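Colleague: Please show me the model and take me through its parts in turn.

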Amino acid sequence: MDSSDERAVEKQRVHIRPDTLRDAAPGTLHLLPCEIPASRPAPVDCFFTPALRQGAHGLEASFRGRSLRGEEVTVPPGLVGYVMVMEEEGEVSGRTPYFPRAGREPEQRELAEAPEALERDFDRFMGATASFSGFTLWGLETLPGPDAKVRGALTWPSLAAAIHAQVPED
Amino acid sequence: MAGGGDGGDGARARQHVFLLPEYFKDASKKAKSGLMIVKLVNPCTGEGAMYLFNMYLQQLFEIKVFKEKHHSWFINQSVQSGGLLHFATPMDPLFLLLHYFIKADKEGKFQPLDQVVVDDTFPNCILLLKLRELEKLLPHVTEEKEIGNKKYYKYSKEKTLKWLGKKVNQTVAALKNNNVNVSAHVQSTAFFSSCQTSNDKEEDYIRYAHGLISDYIPKELSDDLSKYLKLPETPPPLSAPPSKVAAQRRKRDK
């Protein structure tokens, strides 16, 4: 999460809209071995995708004139990948507005709404825009290989399950 | 999304790549607020951390972020800088409750749960009280008294260490199943004394598991757990200065 989203979570609850998890269309994801400072639409299917080739040592592609080698990575069993986007503040989402409406006395508001309802006014919503069961992991000139850090990270869920499983009673 | 002209990729807003449990899809259609991300205390550092509640199933998840330098995502027809990957994995709520019980223990008395789990910095901690079968979990780390239908609890270090010991054991089993390499220490001792490797192996798994669990408990408790597990107080450093290594060797040779 970036810092503005961090702030959003600070005092608020960020709700994930469950219907978006059911409806999210499959997406295509590539994890590139370089930092692109901007986040914006990009014509991936015009420039990147047509250059993909199945070489002797995995997938081959190029980006900004540098040669890339790629391999497919699958999401660990029991998990699904989602691309999530925070809804803009003030976007119509069927919730009560952030600020108390004019003409309502504060006392009246306190009477009308339970504390938890008030808290909900500060909430934000997040929804899935795409789902995925795997992505392409790219390395610069060579395959990322089994030692790639992201591969290590993908073993975390099975380890976390053991750490957090309930222990048997005596 | 407001724009709508970007082919449905929502590329103008920041995109977060998440791995979520498959069964989240089946979350009830009726409730609007069944899945939520909140900031709660990290029981190890006392700072803030992100957690996810599944209120339909009354379960707690921890959010961990994979972040490595020089990575970015291509997501459909868009680019997302950072290359972050968020994991939501199940979290044992007892680690968080323990944080509050240890804090409340300074008063040294039995208290009802809703007076223990109180936090001005992270008010969302009250969500913890709604988790499933909490009363079944608490005996692992507390003594309890029942007075007139209401339960009162008090932190028990003895029970907590026993509980953590079991956690270490089941983590050791998972480390073995996943073939996690815990052998950095083995290799370094093997280099200096070839006779100890086979004995050290089990100890290395325990130390590694102790390290993983220590990410969820305060430092003081981690030290006590180390003693409880009978781990040697200071593990030999990986890059011990030659003089020290020589001294250790001399000691061992005696």
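Modeller: What follows is a set of questions and answers on a predicted model.

Colleague: How many helices and strands are there in chain B?

Modeller: Chain B has 254 residues, of which 50% count as buried. Among its contacts between residues at least 6 apart in sequence, 59% join residues at least 24 apart. The secondary structure of chain B comes to 8 helices and 9 strands.

Colleague: And what does the secondary structure of chain A come to?

Modeller: Chain A has 170 residues, and 44% of these count as buried. Of the contacts in chain A between residues at least 6 apart in sequence, 78% join residues at least 24 apart. The count for chain A is 7 helices and 9 strands.

Colleague: Which are the edge strands of the open sheet of 8 strands?

Modeller: The sheet runs in the order S3(A)-S6(B)-S5(B)-S2(A)-S9(A)-S6(A)-S5(A)-S4(A), with mixed pairing. An edge strand here pairs on one side only. The two are strand S3 (40-41) and strand S4 (53-55) of chain A.

Colleague: In S9(A), which residue is the bridge partner of Val73(A)?

Modeller: Strand S6 of chain A covers residues 66-74, and strand S9 of chain A covers residues 134-140. These strands run antiparallel and are joined by 7 bridges. The bridge partner of Val73(A) in S9(A) is Phe135(A).

Colleague: Where is Arg64(A) found, and is it buried or exposed?

Modeller: Arg64(A) is in the loop between strand S5 (58-63) and S6 of chain A. Its phi is positive, near 50°, and the residue is not a glycine. Exposed means over 50% relative accessible area. Because its relative accessibility is 60%, Arg64(A) counts as exposed.

Colleague: In chain B, which residue of the hairpin of S3(B) and S4(B) takes a positive phi?

Modeller: S3(B), residues 48-54, and S4(B), residues 59-66, pair in the antiparallel sense over 4 bridges. Within this pairing, Tyr51(B) stands opposite Glu62(B). The hairpin has 4 residues between the strands, and the residue with a positive phi, near 55°, is Gln58(B).

Colleague: Why is H7(A) described as roughly antiparallel to H4(B)?

Modeller: The axes of H7(A), residues 156-164, and H4(B), residues 157-177, come within 8 Å. Angles over 145 degrees count as roughly antiparallel. The two helices are therefore roughly antiparallel, as their axes cross at roughly 155°.

Colleague: How do the residues of the contact of H7(A) with H4(B) divide into nonpolar, polar and charged?

Modeller: The crossing of H7(A) and H4(B) is right-handed. From H7(A), Leu159(A), Ala162(A), Ile163(A) and His164(A) take part, and they meet Lys167(B), Gln170(B), Thr171(B), Ala174(B) and Leu175(B) in H4(B). By class these residues are 5 nonpolar, 3 polar and 1 charged.

Colleague: Is H4(B) roughly parallel or roughly perpendicular to H7(B)?

Modeller: The axes of H4(B) and H7(B) come within 10 Å and cross at roughly 70°. Angles from 65 to 115 degrees count as roughly perpendicular. H4(B) and H7(B) are therefore roughly perpendicular.

Conventions:
Residues are numbered from 1 along each chain as its sequence is written. Chains are lettered from A and ligands numbered from 1 in the order in which they are written. This is a predicted model: local features need pLDDT of at least 70, side-chain atom pairs count only at pLDDT 80 or more; totals for chains, interfaces and linings use all residues. Side-chain values use heavy atoms; hydrogens and water are left out. Two strands pair if DSSP finds at least two bridges between them. Axes are lines fitted to C-alpha atoms, for helices over the stretch in contact, and angles run from 0 to 180 degrees between N-to-C directions. Angles under 35 degrees count as roughly parallel, over 145 as roughly antiparallel, 65 to 115 as roughly perpendicular and the rest as oblique. A crossing is left-handed if the near helix is turned anticlockwise from the far one by less than a right angle, and right-handed if clockwise. Contact means heavy atoms within 4.5 Å. Ala, Val, Leu, Ile, Met, Phe, Trp, Tyr, Cys and Pro count as nonpolar, Asp, Glu, Lys and Arg as charged, and the others, Gly among them, as polar. Buried means under 20% relative accessible area, exposed over 50%, partly exposed in between (1.4 Å probe, protein chains only).
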